[in-house]
2 protein chains.
Amino acid sequence: MKILHVLFALICCGTCWTQAIKTGPAATNARGAEYPRINSDNSVTFRVKADQAQKVQLLLNFQPVEMVKAADGIWELTTKPLTPGFYYYGVAVDGFSSTDPGSKTVIAANKETNVLEVPGPESEFFAAKDVPHGQVRMVWYKSNTTGEYRRIFVYTPPGYDDGKSRYPVLYLQHGHGEDEAGWSHQGHENFILDNLIAAGKAKPMIIVNEDGMTGAPLQIGPPPKPAPGSAPPARPRGLGDMKYEIFDSIVSKDLIPFIDANFRTLSDRVHRAIAGLSMGGGEAFRIGLNHPDKFAYIGAFSPALAVTGAKTGYDGALSDPAKVNKAYKLIWIGIGREDFLNKPVKQTHEELEKAGINHVWVETEGTHSWTVWRKYLADFAPLLFR
Amino acid sequence: MKILHVLFALICCGTCWTQAIKTGPAATNARGAEYPRINSDNSVTFRVKADQAQKVQLLLNFQPVEMVKAADGIWELTTKPLTPGFYYYGVAVDGFSSTDPGSKTVIAANKETNVLEVPGPESEFFAAKDVPHGQVRMVWYKSNTTGEYRRIFVYTPPGYDDGKSRYPVLYLQHGHGEDEAGWSHQGHENFILDNLIAAGKAKPMIIVNEDGMTGAPLQIGPPPKPAPGSAPPARPRGLGDMKYEIFDSIVSKDLIPFIDANFRTLSDRVHRAIAGLSMGGGEAFRIGLNHPDKFAYIGAFSPALAVTGAKTGYDGALSDPAKVNKAYKLIWIGIGREDFLNKPVKQTHEELEKAGINHVWVETEGTHSWTVWRKYLADFAPLLFR
């Protein structure tokens with residue numbers, strides 16, 4: 001047995017993942033919380049204390065599953081083995097939809113939402129390894145479009161503070177109901193880039209994350225009381241209400257000039273990319289196509305796009321394919337086979353292909369999930385600024 | 001009436017706070033959430049949806065208050081008028097203690113905890129104003145003490161990226177159950193310093209926040225199942241279990257050398273300060289006193305200190321007051337009159353005074369709260385590096 005252990009240690013490199021050491025409390029747990037626990041078969045056991053509750057549900061990826069009452073006011077659930085990757089979840093107790101105090105939260109669906117990471121060998125590419133590390137900076141800047149100070153996240157690559165080098169910039173956007181912290185907290189953009197840069201697979205670059213939820217708060221919790229004598233406030237409720245023009249203005253008129261003035265960037269279009277996931281993929285696609293003077297690379301990860309099929313579709317791209325092909329060094333579109341947006345995104349790919357617009361089309365395993373989007377960043381970033 | 005409005009507008013400067021514009025959804029709400037709402041008398045109305053619940057409590061500053069069932073499965077509570085400032089809170093539904101999805105959360109009591117900001121004129125000093133802004137950087141570094149990559153928060157002052165200047169450093173610590181994000185998320189250290197620096201009241205400085213919860217996870221949620229055949233894991237449960245030595249080693253052996261190697265610091269002792277609140281105040285006091293070669297300034301905000309009264313008290317400080325008086329340019333101790341630690345902290349002050357150890361002693365209004373600690377930072381920072 002000891003010989004086997006030694007052999008295993010020799011075969012397995014120092015940083016590689018082994019099932020044995022990844023079971024127990026999830027890495028995404030609150031400090032000291034023993035549950036949720038990852039079991040050796042990748043099933044996950046959740047426990048919640050709710051002494052006087054009649055009904056407790058786990059909301060795994062927003063889908064309710066009944067938990068079962070155990071002793072001492074504890075409710076428990078063990079899932080089936082889960083595919084390694086990223087999961088959103090919450091807990092509902094007697095109609096109260098909230099979060100599990102055992103796990104950390106991030107912003108999703110416009111509110112604090114639990115995160116669960118099920119580790120596996122495929123987690124290696126976004127792990128904190130013994131390589132030079134960049135920083136993720138919270139930066140505040142004044143937007144003339146909105147008249148407010150806005151917080152952005154800016155990844156600066158390893159060595160940024162040391163030298164005088166200038167860097168290309170990737171503008172990278174989150175999905176609907178998330179925020180500017182998404183690509184750092186859920187996406188681990190910093191570790192993905194640190195690892196790619198250390199391996200010589202991606203050029204050192206700056207990444208900028210803004211808050212793309214411009215003009216579309218969704219209803220959270222109880223409806224508001226209107227002020228005496230006044231009608232209830234109008235509340236936009238979905239993607240259809242998104243104010244694309246506001247976000248285009250923020251990015252093209254406020255954000256890019258601020259970044260170029262305050263970071264050591266290469267500020268020509270061939271050193272600027274824009275990408276995003278889901279709603280942010282739609283925003284990146286449109287802003288990219290509307291500003292060929294500013295961007296040479298576009299990435300759309302499981303994008304939420306308005307599919308029109310008309311000559312005016314995709315902000316006019318279909319009407320002049322030659323111009324598009326000349327302007328962009330890369331248009332990259334990726335979608336998972338099990339993603340609910342697979343069909344419309346595939347239709348986009350087919351429309352672009354039919355029109356003769358050059359693009360990279362990638363169909364992968366996976367659903368509409370950060371598990372997929374982190375991989376897409378790791379696949380997309382090495383293609384930039386070559 | 002119109003004349004009164006005009007007069008008011010003339011008297012009131014552009015950025016000053018007026019009651020009228022601060023009512024409505026709290027600034028700390030989740031995006032689009034209408035509740036909690038600040039009322040014009042500074043009372044706050046909370047609403048929670050819990051259709052099938054029997055009992056719903058608001059946990060305001062961790063103290064339970066019954067909410068009342070209204071129509072449509074909504075539970076409601078309006079507080080008495082609240083003193084402007086910072087509040088932690090949560091919601092308990094049928095014995096399930098969690099958070100209100102209507103508000104953002106931060107880490108407190110070792111888990112995600114709701115925050116509520118009640119604004120007032122006294123909120124101005126930490127507001128995002130039209131002044132030059134610094135950055136708050138998430139930075140990862142390898143600790144030899146723990147063998148792990150640790151995340152720290154680093155405030156760099158306005159202009160840091162522009163020049164070649166070197167800056168003094170304040171190491172600033174959170175309280176028990178919080179983490180390295182506390183001084184940014186709850187404390188708004190960046191806006192406090194931005195405003196002080198813009199007004200010429202504080203020297204531009206770097207601020208570093210580490211995670212001081214070394215070795216003391218508290219029990220969160222249900223107890224763990226021990227592995228088959230093994231005893232339950234030992235779990236330290238309070239301040240008494242804190243591993244001071246671990247955090248001293250992290251700060252003095254790992255963190256300070258990393259910061260001095262990777263940021264443009266002034267690295268002599270007269271340009272280095274350490275401060276903290278509550279548990280972090282105790283850590284700052286002890287690390288400061290144990291390393292007179294490294295620190296010339298110590299700040300203890302409502303500190304949790306072991307009061308011994310013996311000659312060996314305060315890590316030996318009492319045994320050689322002359323040495324202490326020579327070593328430190330400032331020892332600053334502050335406590336609120338309504339703080340539950342008022343008595344022991346006052347005792348510390350009296351012991352130091354009796355021993356002839358020079359220190360600034362500040363007793364203010366307030367409880368054990370970020371409302372107080374933010375003011376203490378604004379009072380303490382201007383005294384540094386003069």
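A:Val56 stands opposite A:Val93, a residue of strand 8 of chain A. The model is predicted, so local features need pLDDT of at least 70, side-chain atom pairs count only at pLDDT 80 or more, and totals for chains, interfaces and linings use all residues. Residues are numbered from 1 along each chain as its sequence is written, while chains are lettered from A and ligands numbered from 1 in the order in which they are written.

Helices and strands are DSSP runs numbered from the N terminus (helices are H or I with at least four residues; strands are E with at least two). Two strands pair if DSSP finds at least two bridges between them. Strand 4 (residues 56-60) of chain A is joined to strand 8 of chain A by five bridges, and the two run antiparallel. Strand 8 of chain A is also joined by five bridges to strand 11 (residues 111-118) of chain A, again antiparallel. In that pairing, A:Tyr89 lies opposite A:Asn114. Strand 9 (residues 96-98) of chain A pairs with strand 8 of chain A over three bridges, in the antiparallel sense. Here A:Val91 stands opposite A:Ser98. The hairpin of strands 8 and 9 of chain A has two residues between the strands, and A:Asp94 takes a positive phi near 50°.

Burial was assigned by counting C-beta atoms placed from the backbone (buried, 20 or more others within 10 Å of a residue's own; exposed, 12 or fewer; partly exposed, in between). Nine of the nine residues of strand 8 (residues 85-93) of chain A are buried, so strand 8 is largely enclosed by the rest of the structure. Of the 386 residues in chain A, 48% are buried. Chain A has nine helices and 19 strands. Residues are in contact if their C-beta atoms, placed from the backbone, lie within 7 Å. Among contacts in chain A between residues at least 6 apart in sequence, 71% join residues at least 24 apart.

Chain A also holds an open sheet of five strands, in the order 1-2-3-7-6, with antiparallel pairing. Its edge strands are strand 1 (24-25) and strand 6 (68-69) of chain A, each pairing on one side only. Within this sheet, strand 3 (residues 44-49) and strand 7 (residues 74-78) of chain A pair antiparallel over five bridges. A:Thr78 in strand 7 of chain A is the bridge partner of A:Thr45.

In chain B, five strands form an open antiparallel sheet in the order 1-2-3-7-6. Strand 1 (24-25) and strand 6 (68-69) of chain B are the edge strands, and each pairs on one side only. Five bridges link strand 3 of chain B with strand 7 (residues 74-78) of chain B in the antiparallel sense. B:Arg47 has B:Glu76 in strand 7 of chain B as its bridge partner.

The two chains touch. In this contact, 50 residues of chain B meet 50 residues of chain A. On the chain B side, strand 3 (44-49), strand 9 (96-98), strand 11 (111-118) and strand 12 (135-142) each supply at least two residues. Strand 12 of chain B gives the largest share, six residues. The chain B side divides into 22 nonpolar, 16 polar and 12 charged residues (Ala, Val, Leu, Ile, Met, Phe, Trp, Tyr, Cys and Pro count as nonpolar; Asp, Glu, Lys and Arg as charged; the others, Gly among them, as polar). Strand 12 (residues 135-142) of chain A pairs with strand 12 of chain B in the antiparallel sense over four bridges. A:Val136 stands opposite B:Met138 there.

Axes are lines fitted to C-alpha atoms, for helices over the stretch in contact, and angles run from 0 to 180 degrees between N-to-C directions. The axes of helix 5 (residues 244-262) and helix 6 (residues 279-290) of chain B come within 10 Å and cross at roughly 60°. B:Tyr244, B:Phe247, B:Asp248, B:Val251 and B:Ser252 in helix 5 of chain B meet B:Glu283, B:Arg286, B:Ile287 and B:Asn290 in helix 6 of chain B. This contact has four nonpolar, two polar and three charged residues.

The axes of helix 4 (residues 189-198) and helix 9 (residues 370-380) of chain B come within 10 Å and cross at roughly 35°. B:Glu189, B:Ile192 and B:Leu196 in helix 4 of chain B meet B:Arg374, B:Leu377 and B:Ala378 in helix 9 of chain B. Four nonpolar, no polar and two charged residues make up this contact.

Methods: Contact = placed C-beta atoms within 7 Å.
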